[in-house]
Amino acid sequence: MNLPAPVEVTYKNTRFPITHNPTNATLSKYIEELKKYGVTTIVKVCEATYDTTLVEKEGIHVLDWPFDNGAPPPNLIADDWLGLAKIKFHEQPGCIAIHCVTGLRQKQRGACNSKQLLYLEK
């Protein structure tokens with residue numbers, strides 16, 4: 001199984017690997033990768049494609065915050081994200097993995113689209 005490597009974003013003492021979207025068939029390899037990065041929380045921003053029970057059994061908390069593919073997040077999800085980031089930056093440092101339908105790849109065209117970039121600018 002040749003899975004794409006996560007792209008990691010780091011801010012202060014917190015790391016954010018942005019990963020591919022696993023399936024039940026690739027889940028054991030995905031969990032290995034999460035452990036290698038020291039992931040304590042996963043934020044899923046897409047529909048479920050795998051059973052999160054196995055991930056949770058490994059001590060990794062999974063948050064389901066889906067929103068439409070290619071769209072900016074709703075305000076509630078953005079607020080939840082900022083709350084999680086604040087906790088991780090100040091109280092419980094850790095590694096938060098994030099994935100959407102395809103995940104972010106280096107050199108992947110369209111990984112962030114114009115709607116999402118406009119949202120970030122505002």
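**Labels and their grounds**

Modeller: Start with K36 and E33, whose side chains meet in a salt bridge at 3.5 Å, N to O. The model is a predicted one.

Colleague: What makes the contact of K36 and E33 a salt bridge?

Modeller: The rule asks for a side-chain nitrogen of Lys or Arg within 4 Å of a carboxyl oxygen of Asp or Glu. K36 and E33 are 3.5 Å apart, N to O, so the pair meets the rule. Both residues lie in helix α1, 3 residues apart, about one turn of the helix.

Colleague: Why is K36 called exposed?

Modeller: Exposed means over 50% relative accessible area. K36 has 63% relative accessibility, so K36 counts as exposed.

Colleague: How many salt bridges does the rule give?

Modeller: The count comes to 4. Among them is K35 with E58, at 2.5 Å, N to O. K35 lies in helix α1 and E58 in the loop between α2 (53-57) and β4, so this pair ties together parts that are 23 residues apart in sequence.

Colleague: Why do K35 and E58 count as partly exposed?

Modeller: The label covers values between the buried limit of 20% and the exposed limit of 50%. K35 is at 48% relative accessibility, so it counts as partly exposed; E58, at 39%, does as well.

Colleague: Where do K44 and D64 lie?

Modeller: Their side chains meet in a salt bridge at 2.9 Å, N to O. K44 is in strand β3 and D64 in strand β4, 20 residues apart, so the pair links distant parts of the chain.

Colleague: Is K44 buried or exposed?

Modeller: Buried means under 20%, and K44 has 1% relative accessibility, so K44 counts as buried. D64, at 45%, counts as partly exposed.

Colleague: What makes β1 and β2 a pair of strands?

Modeller: Pairing needs at least two bridges. β1 and β2 have 5 bridges, in the antiparallel sense, so they pair. One of the partners is R15 in β2, facing T10. The two strands form a hairpin with 2 residues between them, and K12 in the turn has a positive phi of about 55°.

Colleague: Why is β2 described as largely enclosed?

Modeller: Of its 6 residues, 5 are buried, so β2 is largely enclosed by the rest of the structure.

Colleague: What makes β1 and β4 edge strands?

Modeller: In the open sheet the order is β1-β2-β5-β3-β4. β1 (7-11) and β4 (61-64) each pair on one side only.

Note on methods. Residues numbered from 1 in each chain as written. Predicted model: local features only at pLDDT ≥ 70, side-chain atom pairs only at ≥ 80, totals over all residues. Heavy atoms only, no water. Helix = DSSP H or I, 4+ residues; strand = E, 2+ residues; numbered from the N terminus. Buried < 20%, exposed > 50% of the residue type's maximum accessible area, 1.4 Å probe, protein only.
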